[in-house]
Amino acid sequence: MFAALPTGAVADPEWRRAEALRRALHHHAWRYYVLDDPEIPDAEYDRLFAELQAIEARHPDWVTPDSPTQRVGGRPLEGFEPVRHTVPMLSIRTETDTEAGAALAFDARIRKELALGPDDPPVVYVAEPKFDGLAIGLLYEHGLLVRAATRGDGETGEDVTQNIRTIGQIPLRLRGAGAEIERLEVRGEVYMRRDDFEALNERQRARGDKTFVNPRNAAAGAVRQLDPAVTASRPLSFFAYGVGEWPAALGDGPEGGTHWQVLQALRDWGFPVSDLVRRCEGGEALAAYHRDIGARRDALPFDIDGVVYKVDRLDWQRTLGFVTREPRWAIAHKFPAQEQLTRVLAIDVQVGRTGKLTPVAKLEPVFVGGVTVTNATLHNADEVARKDVRVGDTVIVRRAGDVIPEVVAVAPPLPQPRGEPFVMPSACPVCGSAVVREADEVDHRCSGGLYCPAQRKQAILHFAQRRAMDIEGLGEKLVDQLVDGNVVRGVADLYRLGLSSLVGLDRMADKSASNVLAAIEASKSTTLARFLFGLGIRHVGESTARDLARHFGRLDAIMDASVDDLLRVPDVGPVVANSIHTFFAQPHNREVVEQLRASGVHWPEHDGDAKAEPLPLSGKTFVLTGTLPTLTREEAKARIEAAGGKVAGSVSRKTDWVVAGEAAGSKLDKARELGVPILDEAGLIALLDNPGAVSPGSDSDPG
Ligand SMILES: NC(=O)c1ccc[n+]([C@@H]2O[C@H](COP(=O)([O-])OP(=O)(O)OC[C@H]3O[C@@H](n4cnc5c(N)ncnc54)[C@H](O)[C@@H]3O)[C@@H](O)[C@H]2O)c1
Ligand SMILES: [Zn+2]
């Protein structure tokens with residue numbers, strides 16, 4: 001026999017859809033509330049939630065008690081002590097319609113529920129930003145913070161007191177009259193400012209760690225840490241917006257008491273209360289508030305996802321009461337979402353003014369944070385690999401405030417088969433020069449600094465600056481015009497400029513044009529150090545340029561120097577040496593240098609310090625121990641130093657020779673242990689007389 005066929009609701013495709021939605025919403029609520037690591041943007045979650053609500057509204061008998069529409073938040077995490085809320089911490093009914101009409105509809109509903117007639121005065125509301133963070137209940141006894149709890153599932157939260165104590169904006173002791181209240185529970189939002197969030201992610205990125213999706217999840221994750229030291233290391237902020245239990249000491253709440261008074265009291269007691277909160281009379285005023293805050297949203301230092309309207313009179317709040325998971329006297333009126341799903345059409349690489357390569361996702365156009373976005377940054381190659389973003393994937397794009405849109409994560413399901421993993425090109429997509437990535441750096445860079453069109457403006461400004469070629473009058477505005485008008489394509493073109501190409505440019509009279517030309521002409525006579533610095537080779541600042549000029553004396557010697565040759569310059573390490581070598585290995589950079597020389601740029605050259613005969617033992621370190629048969633310590637030291645060597649006090653791996661005499665002690669043992677060559681006096685004299693003959697390794701052990 002077959003099992004009975006499903007009948008009634010179970011066979012209904014809409015019932016099956018509701019089941020699927022419940023399953024999906026449970027999964028995403030778990031990722032969001034329990035793990036602080038959502039897989040889909042809030043807007044997507046809200047869309048699924050609204051769809052389920054609509055089905056449940058048509059079929060009230062299908063509503064299950066565990067339906068996400070009937071519950072608040074998520075289960076508390078194990079590892080925290082559970083805290084039962086005396087007054088439940090609820091959700092707020094969300095109005096996703098971002099048009100002003102939603103405010104009017106809320107006002108109309110409140111008037112109806114309060115049975116107000118057309119002749120009654122407008123209802124007074126308090127309108128507040130809806131901070132995008134994590135709700136916290138703070139319990140104070142006799143003015144002292146005794147417990148802090150998360151919302152959890154609304155009934156039971158997590159005890160996060162130790163973590164909350166690390167947040168400077170949360171008072172540990174209340175001020176003024178607050179100190180006298182026997183028991184007070186303050187509600188508010190822990191959040192992370194946008195700049196703090198960007199800086200935190202920047203640090204994560206630099207360390208090669210996973211970045212946070214948005215400030216809300218970073219804040220929630222920081223509060224729900226088992227180790228308070230981790231919380232303390234994350235920059236968290238706080239706004240208070242209400243009280244749970246109305247303090248018994250204040251009576252039953254003043255007759256005619258208002259939410260506005262509560263906020264003022266919270267301020268007096270030492271809590272940060274947003275100065276964006278307003279009293280509004282009637283629905284039109286709420287709609288105006290929504291528009292006003294919406295227009296200022298991008299400029300705020302923190303994320304908000306909407307505004308909250310609350311009936312001001314506390315007695316009316318009590319009259320209106322609650323439904324399952326939300327109060328009837330408040331509503332959240334949303335703004336356009338700052339995160340959306342879209343598809344990656346391609347991953348391009350952009351070259352910045354300083355040669356930095358940035359992978360950028362080309363997106364299917366998507367409306368996010370109030371604008372249509374078609375490009376979003378992926379920061380660097382490591383970041384693309386860490387997030388594993390590939391062409392064809394669906395991703396979460398975030399655009400908040402003035403921060404450039406960013407791909408924050410790949411969203412499941414992944415397409416099958418997937419695209420190829422992204423690889424950084426080895427040649428600059430703009431100029432074809434070699435792309436390099438230095439040790440300990442996350443960024444890839446184009447090495448064609450002098451030639452690369454992406455870096456033209458920067459290169460010319462650097463070249464012309466006072467400390468380099470000193471071309472007075474060639475500032476940013478003029479360079480912009482010259483490059484944008486295609487009059488100048490690189491530094492070499494400066495020496496081909498004539499009066500006709502300058503006159504007629506914005507703010508270029510005959511006089512200033514001839515001044516600039518004269519300055520360009522005068523710059524032809526320069527020094528090798530200035531010229532080198534002006535080339536804009538990465539890591540070659542003024543002082544390195546001077547060292548290079550002194551050491552090599554001639555430009556050709558520097559251009560042809562090997563990395564080893566470059567390493568002989570004092571203070572030049574491997575990173576700098578490689579950077580110089582790579583720069584001159586680019587044929588295009590060399591061409592520009594030739595063009596500059598051909599236009600008459602010149603400087604005095606000399607043979608360079610490098611060519612002077614080096615002392616035979618320069619760079620060698622000796623350690624003396626024991627009594628030598630004929631030479632005193634001082635004599636031995638003087639003779640070593642005259643040959644360019646150094647005498648050190650203790651033996652290390654950097655020691656080239658130990659010179660040991662009678663009664664040599666621990667230094668000799670150390671030399672043996674490290675395998676440092678050992679000389680007796682005769683060996684030392686032989687070495688001083690003929691440094692080439694004895695090399696480290698051929699030791700003559702006196703013992
Ligand atoms: N991306 C996902 O997978 C996912 C999953 C679950 C939930 N969510 C998101 O979570 C939100 C739903 O959350 P909710 O039901 O927890 O409630 P809610 O965030 O919509 O509203 C209640 C909360 O608002 C906060 N709040 C901020 N400012 C306030 C103010 N001035 N006054 C009072 N409260 C204020 C409080 O923390 C309170 O707990 C939705 O935005 C939803 O998209 C996303
Ligand atoms: Zn380039």
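Visitor: What should I know before starting?

Guide: Residues count from 1 along each chain as its sequence is written, chains are lettered from A and ligands numbered from 1 in the order written. The model is predicted: local features need pLDDT of at least 70, side-chain atom pairs count only at pLDDT 80 or more, and totals for chains, interfaces and linings use all residues.

Visitor: Which domains divide the chain?

Guide: Domain bounds come from an automatic or database domain assignment. Here they are domain 1 (8–71), domain 2 (94–334), domain 3 (339–410), domain 4 (446–610) and domain 5 (621–689).

Visitor: Where does ligand 1 lie?

Guide: Domain 1 and domain 2 both give residues to its shell, so ligand 1 lies between them. A residue is near a molecule if its C-beta atom, placed from the backbone, lies within 6 Å of it. Of the 23 residues around ligand 1, H28, Y32, D42, S91 and A135 come nearest.

Visitor: Which element gives the largest share of that shell?

Guide: Helix α1, with 4 residues. Helices (H or I, at least four residues) and strands (E, at least two) are DSSP runs, numbered from the N terminus.

Visitor: How do strands form a sheet?

Guide: Strands pair through backbone hydrogen bonds, either parallel or antiparallel. Pairing needs at least two DSSP bridges between two strands. In this model, an open sheet of 4 strands has the order β5-β4-β7-β8, with antiparallel pairing. Its edge strands are β5 (144–150) and β8 (237–243).

Visitor: How many bridges join β7 and β8?

Guide: Strand β7 (residues 183–191) pairs with β8 over 6 bridges. E189 has F239 of β8 as its bridge partner.
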